[in-house]
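Please open the model in a viewer and keep the sequence panel beside it.

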Amino acid sequence: MLTLARKLRVVDYFTLGWGTMVGVGWLVVMDDWLLRGGVLGAILGFAIGGTLLLPIGYVYGKLVMAIPDASGEVAYTAKVFPRWVSFAAGWMMMLAYFIVCPWEAVAVGRIAGYIFPALDSMELYRIAGRPVYLPHLLIGLTLTGMLTLLNFRGIRLSATFQNWTAFGTLALFVVFVSFGVGKGKVSNFPPLFTHSVFISILLVMQIVPYFMTGFESVGKAAEEANPEFRGRGFFQAIWMAIIVGILFYTIVIAALGYVAPWHELTSQKFMTAVAFERALGSQWIVSVILTAAMLSLFKVFNGNFVASSRLLFAMGRRGLVDSRVAQIHSSNRTPSVAVLCVGLATAACMFLGDAILVPISEVGSVASAMGWLAACAAYYQMKPAPLERVIALAGAMIGLAMICMKLIPAIPGHFSIWEWLALGIWIVIGLSLGVRESFTAKARRAVV
């Protein structure tokens with residue numbers, strides 16, 4: 001029986017977890033973050049929201065060590081809950097990972113258009129008042145095709161790509177922050193909050209699950225660990241991804257607020273780059289920032305591609321979706337059909353344009369929190385040691401609170417009609433696939 005290739009090491013799992021988490025939100029939607037909370041509100045939102053994920057990260061570390069299965073939340077919940085709970089948890093996490101792929105495919109067109117303004121031409125149509133340009137589509141589709149091919153060919157190629165882009169992003173991040181803060185001043189920080197202190201922090205915390213989703217992707221590649229790999233490495237990679245993610249987001253927000261009067265730049269396209277350019281009065285810093293952003297985009301796109309394709313593959317293997325997606329390529333030892341499905345679906349979603357960027361962040365946050373809640377609840381039901389059970393309960397409560405922040409209408413920043421529509425469509429697709437596969441499985445058993 002064919003199995004996935006076993007090639008990954010601890011460093012590969014760290015770059016998968018952190019690389020899947022940190023994309024280009026710090027460049028593309030920084031204005032949204034600051035308008036939600038102000039500089040200090042955004043910093044505290046990410047710091048508190050990220051810290052609250054540590055108990056969840058602890059639970060995932062324990063679960064991956066005990067159950068190294070590519071289906072992740074599906075496998076964890078299957079131990080203690082009915083089959084429909086496993087399907088729901090897996091389908092929500094599938095959304096959390098997959099939804100990032102078209103997000104990044106669209107974002108690369110926006111960044112390219114900023115570098116080469118001539119690309120902001122040949123408008124095809126508009127969605128929600130936002131234009132969709134042919135050059136943007138072609139660039140995003142090309143990148144999607146390249147990453148699909150990369151992941152089709154082998155996990156080692158994908159992991160090497162992930163390592164170079166992840167550490168390259170960190171190196172360039174250190175460069176532009178170091179040079180930028182030397183030109184900043186404290187007087188640029190105000191207004192520290194855009195609303196009351198509580199509301200400002202709350203509005204930012206609501207999107208933290210989306211921008212911090214990724215640490216648990218380590219489990220989706222657990223079956224591809226090197227034969228000499230020790231299970232403790234999963235735990236270390238997950239926690240390191242969360243901690244480095246918190247530091248990255250809080251530092252880049254603080255640096256931007258320090259180098260320029262941010263409230264004057266929220267109408268600017270890619271205000272992070274504009275702020276550093278004004279502070280240094282030079283174009284080279286913009287080139288560094290945009291290069292870091294492109295590397296970060298590549299790695300987060302690739303990381304979420306790996307996670308979503310492995311999860312789809314594992315759900316097919318368990319009979320939760322069409323079993324044909326569980327095929328493994330005979331020579332590449334990759335989940336080839338699942339890889340192709342994710343690539344084609346990403347390409348199709350790209351045609352929605354960049355009007356999807358902020359709504360996707362909102363829906364992705366809830367999907368992630370649902371998966372985290374299911375995993376922590378499953379670990380709690382497995383009855384581990386008392387302290388670990390308390391941590392699992394804390395993780396479950398945090399996940400539930402993150403869901404409520406977006407779904408309860410009385411809470412500021414709750415879902416709009418567009419987010420409800422997107423989530424509803426995904427649930428309907430999942431139900432149709434689940435029911436179809438259930439009938440197919442019954443038919444097979446009847447024939448036998």
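Angles between axes are classed as follows: under 35 degrees is roughly parallel, over 145 roughly antiparallel, 65 to 115 roughly perpendicular, and the rest oblique. The axes themselves are lines fitted to C-alpha atoms, for helices over the stretch in contact, with angles running from 0 to 180 degrees between N-to-C directions. The model is predicted, so local features need pLDDT of at least 70 and side-chain atom pairs count only at pLDDT 80 or more, while totals for chains, interfaces and linings use all residues. Residues are numbered from 1 along each chain as its sequence is written, and side-chain values use heavy atoms, with hydrogens and water left out.

**First selection: a helix pair**

Select helix α8 (residues 134–153) together with α9 (155–181). Helices (H or I, at least four residues) and strands (E, at least two) are DSSP runs, numbered from the N terminus. The axes of α8 and α9 come within 5 Å and cross at roughly 125°; α8 and α9 are therefore oblique to each other. On the α8 side the contact (heavy atoms within 4.5 Å) is made by Leu147, Leu150, Asn151 and Arg153, and on the α9 side by Leu157, Ser158 and Phe161. These residues divide into four nonpolar, two polar and one charged. In this classification Ala, Val, Leu, Ile, Met, Phe, Trp, Tyr, Cys and Pro count as nonpolar, Asp, Glu, Lys and Arg as charged, and the others, Gly among them, as polar.

Remain on α9 and select valine 175. Not counting residues up to four places away in sequence, valine 175 touches Trp284 and Val288.

Move to helix α13 (residues 271–280), where eight of the ten residues are buried. The buried residues are Met271, Thr272, Ala273, Val274, Ala275, Phe276, Ala279 and Leu280. Their cover includes α2 (25–28), α3 (30–51), α7 (100–115), α9, α12 (232–259) and α14 (284–317).

Phenylalanine 270, in the loop between α12 and α13, has a positive phi of about 60° although it is not a glycine. Phenylalanine 270 counts as buried because its relative accessibility is 1%. Just after α13, glycine 281 takes a positive phi of about 65°.

**Third selection: further backbone features**

Most residues other than glycine have a negative phi, and most peptide bonds are trans. Select methionine 122, in the loop between α7 and β1 (123–127); this non-glycine residue has a positive phi of about 55°. Methionine 122 counts as exposed because its relative accessibility is 52%.

Next, select proline 190 and proline 191, which are joined by a cis peptide bond with omega of about -5°. Proline 191 is in the loop between α9 and α10 (197–205). Within α10, Ser200, Ile201, Leu202, Leu203, Val204 and Met205 are buried, and what covers them includes α3, α11 (208–212) and α17 (386–407).

On a 1 Å grid over the protein atoms alone, a cavity is a set of points where a 1.4 Å probe fits but cannot get out; a pocket is an open set with protein on both sides within 12 Å along at least five of seven lines, and lining residues have an atom within 4 Å of a point. Grid points are joined across faces, edges and corners, and a volume is the space filled by probe spheres set on the points.

To display its lining, select Val106, Arg110, Pro131, Val132, Tyr133, His136, Leu137, Met350, Gly353 and Asp354. The largest share of this lining, three residues, comes from β2.

Select Cys349, Leu352, Ala422, Ile425 and Trp426, which lie nearest the centre of the largest pocket among its 32 lining residues. This pocket contains about 990 Å³ of space. Helices α6 (83–98), α15 (336–349), α16 (357–381) and α18 (417–447) each supply at least two lining residues; α18 gives the largest share, eight. By class, the lining has 29 nonpolar, no polar and three charged residues.

Conventions: Buried means under 20% relative accessible area, exposed over 50%, partly exposed in between (1.4 Å probe, protein chains only).
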